[in-house]
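Student: I would like to learn how to read a protein model feature by feature, and I hope you can take me through one slowly.

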Amino acid sequence: MRELSVVVVVGPAYDVGPCLAALSAQTLPTDRFEVVVVRHRTGDAAPALGSPSPVDLEVVTSPSVAMSRAAARATGVHLARAPWVTFVDAGDAVSPDLLELLHDARHPDRVAVAGPLPADLPADASTDRLSPLAADSRLVAPERAPQLLRGRGGRLYPRAWLVGEPLSTDPEHASDAVLHGRLLSRFEHRFTLLDLSPAARGARYDAAPTASPEPADHVAALVALTQGTQAHPADRSALTDALVAAELADLRALAATPGVDRANVDRMLHDAGVLGVVGPTGPAGGHAPAPGTRTEGHALFFAPPAGPRSLVVVAGNAAAVNEQDRMLGLLARSGYGIRVLHYRGRLTKGLRRLPETHRVEVLPRSVARVEAAVGPTAARSRRLALRAVQESLRVGRRVLPEVVPARVAGPAYGRVDTHAARLLDGPGTHVVLDRAGRTLLRTWGDDRPAVGATELAALTLRVAASSLRGARPDAHAARRASRLLRADPDHARALVDPELWTMVTYRLQRAGRLEASAQLLADREAVFGPATTPRSPGLDALQALLTGSDAGAVDVVGAARSTLRAADEAFAAGDLDRAAFETTVALDLLFARRLHTAETRSPLVSEPDAFLDPLRESEIGRLLGHSTPPPPSRSTAATAPVAGRRRPRVSVLPGAYPKFSGAVVAELEGHADVEVLDLSARDKRFGNTGVDPATVRERLLTAAGHPPSVDLATAEALGADVVFVDWADKGLTWVTQVVPSGTRVVARLHGVDTLSAWLHTAQWEKVDDVIFPSDHLRRAAVATLGGRLDGVRQHVVANPVDVERYVLPKVASARTTLGLVGWAQQVKDPLWALEVLATLRRHDPVWRLRLVGADFAVDERNPVEREAAAAFRERMADPLVADGVDFVGYTTRLPEHLREVGWALSASRREGFHVGLVEMAASGAVPVVRDWPVYAGIGGAGTLFPPDWVTTTPGDAAERILRIDASGTWEDACGRTVDTVRARFSGTDSGERLRRIVLGES
């Protein structure tokens, strides 16, 4: 692997040839670095590549043309493979030793800088944070020399810092300053130093002259520097302050030149609303806005609000703070620094856990002069007097605030309580919750703007829109904030957009907090009125679906159509955040579990064309399935497959439920170099299959031409010969966005995938082979995708089962024992199994049922599973059933437990294969399989298993069991069952077929 990547950015005015020639002449050997060339356009002009590359350079050229210089850099970082990166513009000049000297100075916590050094570099800019220093080394704190970070090029960065940096529309003259402001203001880079040793040793990077920036360019740079966590002056890093000051100095100098409208410059700066910045004639946005604002829109659904993240809560009575403890708790859990100052009363236990709470002290803690005069050898009377004084102070500090109003005690605590004064002087927005709280501020002469409980409620909702996770305290916080805003509707309408309620409501629905979501919908209508805020069809339908008992009574298709129409309108208007939000709601509605797992039929299987028509007819739906160009493949000698290589490289993505991928890995390891790429370890959203707003937004961004960035290790894994993706979940959607051309993609689907939204967001044109565990699952996927699998090779391969592991002798009681493995989900329908047991026990109470696997969760938030658990426990109240059920729980010794099971039940409403049933059958338990009702219309269990295994009703199942038992052929049936499993589902045969498909051998 090369040690250094040089990203060359080529604008329309330049030929890349001279730049490549200069790089070819570097003193650093050319086999130690690579060159990545990316073009960018300016307006309608796009550059040509110009001269051919020198033969001794490894040059990778991006086939696409970026829309800006910053976008070209991001593309270059994406293509780069080396651990260190430097940027070069094609029109700039570099000294022959630039790369060697930058590379020599590489350090994981430093940015190496080439010359020329600015003439105004402070003499005391160097620091001795790291010592001893080499004689020719000079380390500089970035905030002490911001001019070193404003010029173009000549710096060396760890590539890991740059991966994932968003594409920027920064003004050209300030793109480097904004990049460094973002990078070095992050917490993990706060101790970064600039290493000037390359400049001291003669390394030079001379930037070509460019047009002088206009005032609007400087204002745009100030706005870009003060985004996100750097929005409020109290939260800005020292480097951001220094960069802002330098940019503002240039703007002032420009405004003072003849011919420049000074008033217009000041107006532009004021309109930009950069907090804490003083323009040519006065301040712009000198104070922080109230925590409630209506400017972020649906961006709040994907990212927390910008602005100060520190609050100082002030109240005369602790009771006023306690009333807001839920909201303050949510803010604290979301990363806000909360400090509380109160005059009287006692805070709740939860508030007392905050890092800094303080009750005003009206009396000193001690009388220093008296204590100094009364030493341990003083007379006893004097020592007793001292103790009396100390006790009086202790009691007085506790009692006086309860009986003396704050306004009366002000002169006392204003002189005594220096800690409170320091607390108020710290950064953050002041939140005053009662009249006495304002008295406290006046006492210490604090005249900064303050907000009240209504603004605190608005901030809570804004934070909840992106940060609410569904715990009960979060739901209580959202309800409290909504009630406060409803109580002050005029103020609420000025502070909060009605869509904010919509976003928080949806978060609550996703978390199963349906009472809270219903209250927020009602509060929203009460504040804004039904005329000005028409209800959201998607949210209303989702609320009805989740709370009602009859899913068929909800017009899901109509609500989804309206919601997707709103998403189309938002996308056409350029509002990506709103489009992604509306799309997420529509997908959650169309693929709701209550529709497809809580029922015995699914419209996705029985009538996919009519049910999915809203998705297929919408522009958003077409974008979600739209194929985008793959990232360019690396066709250089360093990455091309080695001729004659015997073992191909395979990367395996195990998916959200990785238990099935282990057998595939084991089968491949003897024939390929296998790497397991667990996406959930990199990002927790890949650890589940739920509709995920971030992934939906990412998919729409890809469709719009902005694919997600990939870190170096992941890009290396995706560059394998084959990528095998288990489950058609978020992982497959993500892989088909970023996999390079030339890499084969093989996907394996499971039962739940045909009912999942992610089946429809993957780019199937980039999948070469798809594997199904059963033919009915293949038919369901083909129908629901509407022809999108026509160009994909389709295979049906049963999930491999190690049959011999389960072949153990049965105990005598197995003859009258039923078994159900993995039972505590509604889709497994344990009630059906209980009805079979009840029928058998009416005939003979000797019959029993063994339930193997974990029980229903006690604190289950999903309403579907809660209802299933309640129905199961209600049925278990019948002694006829309860006396015949044995609970085994989760076990790693399944073969031994199956010795006691003679009849293998599959009671599920749907299955793609049902491994648990096949494992029981491999042990010799006679199968009794319900004809899974969701798939019964397309073959289902009848096409996967022998017909005599399959029944329809609990009565039919019991009749099959009793008939075989009465005939005395149970032992023979056990033997035939093992032979059938060996013939159909042998792990050896299935594993070999999987291996051949993955490696392209069949």
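The dialogue below goes from the whole chain to single residues and their partners.

Student: Before we look at details, what kind of model is this, and how many helices and strands are there in the protein?

Tutor: This is a predicted model, so please read every value as computed from that prediction. There are 46 helices and 29 strands in the protein.

Student: How many of the residues count as buried, and what supplies the exposed area?

Tutor: Burial is judged by relative accessible area, and a residue counts as buried when that value is under 20%. Of the 1002 residues, 53% fall in the buried class, while the protein exposes about 41,300 Å², of which carbon and sulfur atoms supply 52%.

Student: Are Arg155 and Asp176 buried or exposed, and which residues are linked with them in a network?

Tutor: Both Arg155 and Asp176 are buried. They are also linked with Arg69, Arg73, Asp89, Asp92 and Arg152 in a network of salt bridges.

Student: Where can I find a salt bridge within a helix?

Tutor: Look at Arg622 and Glu619, whose side chains meet in a salt bridge at 3.3 Å, N to O. These two residues are 3 residues apart in helix α30 (residues 619-624), which means that about one helical turn separates them. Arg622 is partly exposed at 45% relative accessibility, and Glu619 is partly exposed at 38%.

Student: What does the salt bridge between Arg647 and Asp673 tie together?

Tutor: The side chains of Arg647 and Asp673 meet at 2.9 Å, N to O. Because Arg647 lies in the loop between α30 and β18 (649-653) and Asp673 in strand β19 (residues 673-676), the pair ties together parts that are 26 residues apart in sequence. Arg647 is partly exposed, with a relative accessible area of 33%, and Asp673 is partly exposed at 39%.

Student: Which residues gather in a patch of positive charge on the surface?

Tutor: A patch is made of residues with over 30% relative accessible area and no salt bridge, and here Arg346, Lys349, Arg352, Arg353 and Arg398 gather in a positive one on the surface. Lys349, which lies in helix α12 (residues 349-352), is exposed with a relative accessible area of 56%.

Student: Is Arg960 buried or exposed, and which residues does Arg960 touch?

Tutor: Arg960 lies in helix α44 (residues 954-967) and counts as buried, at 7% relative accessibility. Leaving out residues up to four places away in sequence, Arg960 touches Val926, Pro927, Val928, Asp948, Trp949 and Thr951. With Asp948, the separation is 12 residues in sequence and 9.0 Å in space, C-alpha to C-alpha.

Definitions and conventions. Residues are numbered from 1 along each chain as its sequence is written. This is a predicted model: local features need pLDDT of at least 70, side-chain atom pairs count only at pLDDT 80 or more; totals for chains, interfaces and linings use all residues. Side-chain values use heavy atoms; hydrogens and water are left out. Patches are made of residues with over 30% relative accessible area and no salt bridge: like charges are joined within 9 Å, nonpolar side chains (Val, Leu, Ile, Met, Phe, Trp, Tyr) within 5 Å. Accessible areas come from the Shrake-Rupley method with a 1.4 Å probe; for residues, only the protein chains shown count as cover. A salt bridge is a side-chain nitrogen of Lys or Arg within 4 Å of a carboxyl oxygen of Asp or Glu. Lys and Arg count as positive and Asp and Glu as negative; His and the chain ends are not counted. The place of a charge is taken as NZ of Lys, CZ of Arg, CG of Asp or CD of Glu. Helices (H or I, at least four residues) and strands (E, at least two) are DSSP runs, numbered from the N terminus. Buried means under 20% relative accessible area, exposed over 50%, partly exposed in between (1.4 Å probe, protein chains only). Contact means heavy atoms within 4.5 Å.
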